[in-house]
Amino acid sequence: MKRRIMFLLLPTILSVLWLAGCGDKEKREQTPQSEDNLPQQSDVSGQADNNVKLKFWCDKNETALYQEMIDAFIKQYSAEAKIEIEYETVPASECKDVFLADVANGADLFNLPDDQLLTMVASGVLEEIQNADAVSARNIEGAVDAASVDGKLHAYPISADNGYFLLYDKQYFTQEDVRTFDRILEICEENNKKIVMDWSSGWYLYSFFGQTGMRLSLNEDGLTNFCDWNKEQGGIRGVDVAQSMLDIASSPGFLADSDFETHLINKDAIAIVAGVWELDAVQKAFGTDYGACKLPTYTCAKKQVQMASFTGYRLLGVNSYSKNREWAEKLADYLTNEENQNLRFERAGRGPSNQNAASSKAVSLSPAISAVFEQAEYGVLQKVGQKYWAPAATFGNTMAEGNPGNLSLQDLLDQLVSGITAS
């Protein structure tokens with residue numbers, strides 16, 4: 001049995017569509033693909049399936065693990081078809097951009113973060129999956145919601161760990177210490193160390209506003225945002241949040257930066273706000289003393305406010321234009337089953353979306369995955385229009401720099417909301 005394995009360096013594609021596409025901080029505007037450029041959907045109901053060729057996109061660091069699972073799939077179905085898989089290394093965060101630039105050459109099966117789902121559905125690449133009821137029944141509710149549009153499942157959930165939380169060094173902090181941002185800052189100051197958090201991304205900025213009673217949401221048009229973060233009345237106002245951020249930024253124990261690894265290597269960071277993608281660097285820096293938990297509370301308007309987060313899920317999508325769609329769906333169903341989600345957790349530390357796998361003892365003993373699930377109680381799916389990202393980054397950077405222009409906080413918030421809600 002011959003199987004081609006290709007590792008291609010694909011160019012950066014800038015196409016413009018109307019929704020945010022990356023769960024990894026970088027957001028690009030894209031243009032919708034016209035129907036004239038889309039390949040015709042094939043009728044898979046009567047296709048000959050004894051020779052099956054599929055193209056599969058995945059992250060480079062996951063190729064070996066996927067290959068192991070796919071080898072098992074090929075062996076299991078060897079009596080039914082001769083299956084050939086072509087691998088291409090396309091990061092999940094770039095999947096939408098690469099795919100929509102050339103739909104005709106897109107993969108049959110691909111990884112994507114949940115925040116790319118709406119765009120891929122709107123483009124016609126993803127349609128409702130055939131065994132939606134069975135897949136929904138075996139996955140946790142949040143993952144099913146993340147893979148659904150208008151209550152219909154359009155992709156296969158594969159992991160439930162694409163959110164952020166607190167990672168810290170237990171040599172410095174007790175479990176009680178990490179409950180509040182104030183105490184974390186005190187300990188960092190006392191030891192000439194830092195807690196590091198990225199304020200240049202709206203992904204993390206949301207953590208300060210999400211549990212205040214103020215709102216950010218996608219409007220019914222699926223394009224524009226509603227936001228009242230400049231609210232001037234109520235128990236917590238927009239200026240209260242802004243002042244709290246300035247207070248945190250003024251502490252010598254705080255550093256706003258996205259380069260967590262450098263600060264971990266240099267031993268100046270003893271706590272970071274990040275996700276499982278930084279776990280290897282954290283474990284190298286903290287060793288067996290690494291700890292993880294939900295985000296702390298922070299002082300705002302003389303109250304302790306729980307920090308919020310965007311939750312995130314990884315999905316497997318099946319190209320609706322695939323010539324072998326039936327087999328692509330069969331493979332997606334196989335790769336996302338309980339057994340293989342357990343394998344991904346054991347080998348790569350990825351948090352399962354499968355209910356049985358997520359409730360296993362092994363998962364409960366993982367500090368990072370337990371922290372993801374704990375923080376999810378205070379998180380929401382990232383469903384915002386593209387106009388959110390640039391104003392959020394500008395505001396976050398201004399707060400991180402200590403408002404160097406000494407501008408009115410209300411004016412800054414009004415500018416923030418005006419940008420976020422622009423048509």
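In which helix does Pro391 lie? In this predicted model, Pro391 belongs to helix H16. The residue is buried, since its relative accessible area is 18% and residues under 20% are counted as buried. Apart from neighbours within four places in sequence, Pro391 is in contact with Leu416, Gly419 and Ile420. The C-alpha atom of Pro391 is separated by 9.6 Å from that of Ser201, although the two residues are 190 residues apart along the chain.

Two packed helices are described by the angle between their axes and the distance between the axes. Helix H16, made of residues 389-400, packs with helix H17, made of residues 409-420, at an angle of about 160°, and the axes are 8 Å apart. H16 is therefore roughly antiparallel to H17, because angles over 145 degrees are counted in that class. On the side of H16, the contact is made by Pro391, Ala392, Phe395, Thr398 and Met399. On the side of H17, Leu409, Leu412, Leu413, Leu416, Gly419 and Ile420 take part. Of the residues in this contact, nine are nonpolar, two are polar and none is charged.

The protein as a whole contains 17 helices and 18 strands. Its chain has 423 residues, and buried residues make up 56% of them. Among contacts with a separation of 6 or more, 76% are between residues 24 or more positions apart.

Lys53 has Glu84 in S2 as its bridge partner. How many of the eight residues of S2 are buried? Seven are, so S2 is largely enclosed by the rest of the structure. Strand S1, residues 51-58, also pairs with S3 in the parallel sense, over two bridges. In that part of the sheet, Phe56 stands opposite Leu109 in S3.

Ala104 is placed in the loop between helix H2 (95-101) and strand S3 (109-113). Is this residue buried or exposed? Ala104 counts as exposed because its relative accessibility is 53%, and the cut-off for that class is over 50%. Ala104 and Tyr321 are 217 residues apart along the chain, and their C-alpha atoms are separated by 8.2 Å.

Another open sheet of five strands has the order S11-S8-S12-S7-S13, with mixed pairing. Its edges are formed by strand S11 (254-256) and strand S13 (290-293). Each of the two has a single partner strand, so one side of each is left without a neighbour in the sheet. From one strand to the next, the twist averages 20°.

Strand S7 in this sheet is paired with S12 and with S13. With strand S12 (residues 269-274), strand S7 (residues 165-169) pairs in the antiparallel sense over four bridges. Phe165 stands opposite Ala274 in S12. S7 and S13 also run antiparallel, and four bridges join them. Here the bridge partner of Asp169 is Tyr290 in S13.

In a regular strand the side chains alternate between the two faces of the sheet. For S13, both faces are covered. Tyr290 and Ala292 on one side are buried, as are Gly291 and Cys293 on the other.

Conventions:
Residues numbered from 1 in each chain as written. Predicted model: local features only at pLDDT ≥ 70, side-chain atom pairs only at ≥ 80, totals over all residues. Heavy atoms only, no water. Axes fitted to C-alpha atoms, helices over the stretch in contact; angles between N-to-C directions. Parallel < 35°, antiparallel > 145°, perpendicular 65-115°, else oblique. Contact = heavy atoms within 4.5 Å. Nonpolar A, V, L, I, M, F, W, Y, C, P; charged D, E, K, R; others polar. Buried < 20%, exposed > 50% of the residue type's maximum accessible area, 1.4 Å probe, protein only. Pairing = 2+ DSSP bridges.
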